[in-house]
Amino acid sequence: MATFLHRVGRWAFRRRRTVLLIWVAVLAAVFLGATSASEAPEGSSSMPGIESQKAFDLINERFPGAEADGAEARIVFVAEQGQQVTTAANRSAIDKLVTAAADGPQAAEVTSPFDADAVSKDKSTAYASVTYKVASDDLTDASKEALTRAVDQARDAGLTVEVGGSALETEAAQGLGEVLGVLVAAVVLLITFGSLAAAGLPLLTAILGVSISLAGITAVSSAFGFSSTVSELAMMLGLAVGIDYSLFVVSRYREERAKGHEPQQATALAVGTAGGAVVFAGLTVIIALLGLSVIGVPMLSKMGLGSAGAVLVGVLIALTAVPALLGFWPDAVLSRRERKGESRSRDGGSRSSVGGRRTRLKFPRRAGSTKTGNTKTVGIGTVGTEADSARTIVTGTVGASSAKAPWGVRWARFVARRPLPVLLLTVVGLGALAVPSLDLRMGMPGEEAKSTSTTERRAYDALAEGFGPGFNGPLTVVIDVRKAADPQAAVAAVADRLDSTEGVVSVSPARFNEAKDTAVIAAVPATAPTSKQTQDLVRAIRGERAAVDSDTGASFKVTGTTALNIDVAEKMQDALVPYLAVIVSLAFLLLMLVFRSILVPLKAALGFLLSVLAALGAIVTVFQQGHGASFFGVEETGPIMSTMPIFLVGIIFGLAMDYQVFLVSRIREAHIHGEEPGQAIVTGFRHSAQVVGAAALIMMAVFGGFMTGGESMVKMVGFGLASAVFFDAFVVRMAFVPAVLALLGRHAWWLPRWLDRLLPRVDVEGEALTKHTPAPAALPESTDRHSSVTV
């Protein structure tokens, strides 16, 4: 692996113009395909296999022309304080609105509140229902404008009129999103590298990758049924991993240049080592995303497929486009201090110290070093076999005081000295954060979770106040009476049983289809749609199915938004364990192949579970329990989005492995080159802690940027992903991982001999490169081999 990637990096550096032309051609081709592709379909909430979906399908089959998922609008009328909607003036205004709505294009049916008993007991509130022949996404502007004009006329008459439903759904306010993420990423990269070019290169390549991915998804959207949601997720993940993967390669390139390697060789070494970490980190992300297909939810499968494609593009760009750009500007990504050092080194100026004379040698100041007593050994490069890999080229004597070690080194030494307290504190802390996840309630937040500035939320509140909290979530009961001896009597028996069920406040008259073999009844619960009591009610009604079928010969199914949310939550909960088993098993095998260890992949899986559970606990704390909700702009708390846990598990598992592979591969690299376990941890942190920290901050910025939007679910996703990255990168990888490795010592890298023989060697650390790579350009040597160098 390392040797192959080394050749790829060298080829990309040499053929840089060809590489960039290829990527430009790919970008042009996918953009051409995107411009000629048909419009992407809207996201579908179809959930095969659940009762609610089967009931929707039955309605569509037995009631042709009145699709169960067609657009609908519920127009709510509220009279002024102390008045009633039944007064002559108010009634006239309502009748005019109903007439105008019925005349609108694409309108299928409009029900007046006075004909459907849709007036509250105190007559302060009423509502009219409008159904359309097409789905909300297919509504024309003319249909929407006709309804809007009718609503405005009713408002002019003195009524308070609000509109709920999907027909005139308010678009959520757009936040800064990816723009904020890119800006924060630029600042983090600039601080990390100290160079505008080094900061700009990962951003440039990430934007290139995202552009190709989005255009490609658009080009094949019709063939694969990709919706705009797929593009949004692909953009978010593609931007995050694209920056990170390029960051890993550029960071290793700078390190190799600091050792004295020429640009071409440094590029090849960077791709051969950091590129291996990128490949396997990308594979774990792709496995986690493609694993979403095992759940059986088409929407999640498409999101996983599209996002996996974006990650794959990010990997390929990091391995080819990044080294090609380094070939055009080999010194630009170095800091100003490093560029000056390179310039002095190329000039060949040096002064040596022979005998008692003082001599100064000039070399890159970022060279790695070790210190013993008052003697400092400056490593300019390594050469030879593994046993000879630490050969010192230049030595010097320095005073007792030395430059302060980087924070990553100081922290690694601290953890290595006190691994058990750090491990216990980490586990207890993350465990405490995870406790609220035990109270997790899943559902799909509806209009109650929207801002009070939207008409949908105001309509929801007005209906809840006028008709009761359960009115916004009626249960739709579809009754199949094909096998019943007396269809009318069978439907009446089902309605009576529903009406007598505890928790049901009202049951609507049955509505038959033309064939008279299917009827639909609406049952209004006494409690809110997202409450646990409503969930229990749905289960109780379904529990009576066998008795009803036996007594009447009729079979019924319960659907509606409330029942659908319950079914989706149960499906997601049932799929979580199999999904975890699939991705953890595959990733365990992959990490065992990379690190040639059993305990290291096991540790990675346990650390991931800690970070995900802590993130779920944080989500429940804010979005369900409401602690700190106002700080994040969450106006209404409620159940956690049903797809959130499994979505969080899939994405974070893949992203967490980025840090795992990059950090632990550097620790193992130091270990197989002869360092003791404790010192290998310090060395690994010396080279990777800053980069992992910067990568995590960038991902947090990208995900956190989506919290600036107005949609509650988008905020939840952004918050969940950002918090999970924080816990995983700064707690698990920076504390849990080194503490466990320090406690295990050499046992961390144990692998049975028979398994060691079976597993192919992939050499992510670049061990083979150490044996075959020529030594970096050495400093000018003095006439006395043992002369000292004053640093």
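1. In this predicted model, the residues of helix α16 that are buried are A490, V491, V494, A495 and L498. Around the helix axis they take up an arc of only 135 degrees, which puts them on the same side of α16. As a general point, an α-helix has 3.6 residues a turn, so residues three or four places apart point the same way.

2. The largest nonpolar core holds 153 residues, and Y245, L648, I652, L655 and F703 have the most contacts inside it. Helix α21 (residues 644-672) supplies the largest share of this core, with 18 residues. Leaving aside residues up to four places away in sequence, L648 touches several others, including V612, L616, I619, F653 and L721. Apart from this core lies another, of 26 residues, among them V85, A128, L139 and A167.

3. Which kind of aromatic pair do F726 and F727 form? The whole structure contains 10 aromatic pairs, and that of F726 and F727 is edge-to-face, with 5.7 Å centre to centre and 65 degrees between the planes. F727 counts as buried because its relative accessibility is 10%, under the cut-off of 20%, whereas F726, at 37%, counts as partly exposed.

4. F726 also pairs with F730: the ring centres are 5.6 Å apart and the planes are at 40 degrees, so this pair is tilted. Both residues lie in helix α23 (residues 712-744), 4 residues apart, about one turn of the helix.

Definitions and conventions:
Residues numbered from 1 in each chain as written. Predicted model: local features only at pLDDT ≥ 70, side-chain atom pairs only at ≥ 80, totals over all residues. Heavy atoms only, no water. Core = buried A, V, L, I, M, F, W, Y, C linked by side-chain atoms within 4.5 Å. Buried < 20%, exposed > 50% of the residue type's maximum accessible area, 1.4 Å probe, protein only. Helix = DSSP H or I, 4+ residues; strand = E, 2+ residues; numbered from the N terminus. Contact = heavy atoms within 4.5 Å. Arc of directions from axis to C-beta. Phe/Tyr/Trp six-rings, centres within 6.5 Å; stacked < 30°, edge-to-face > 60°.
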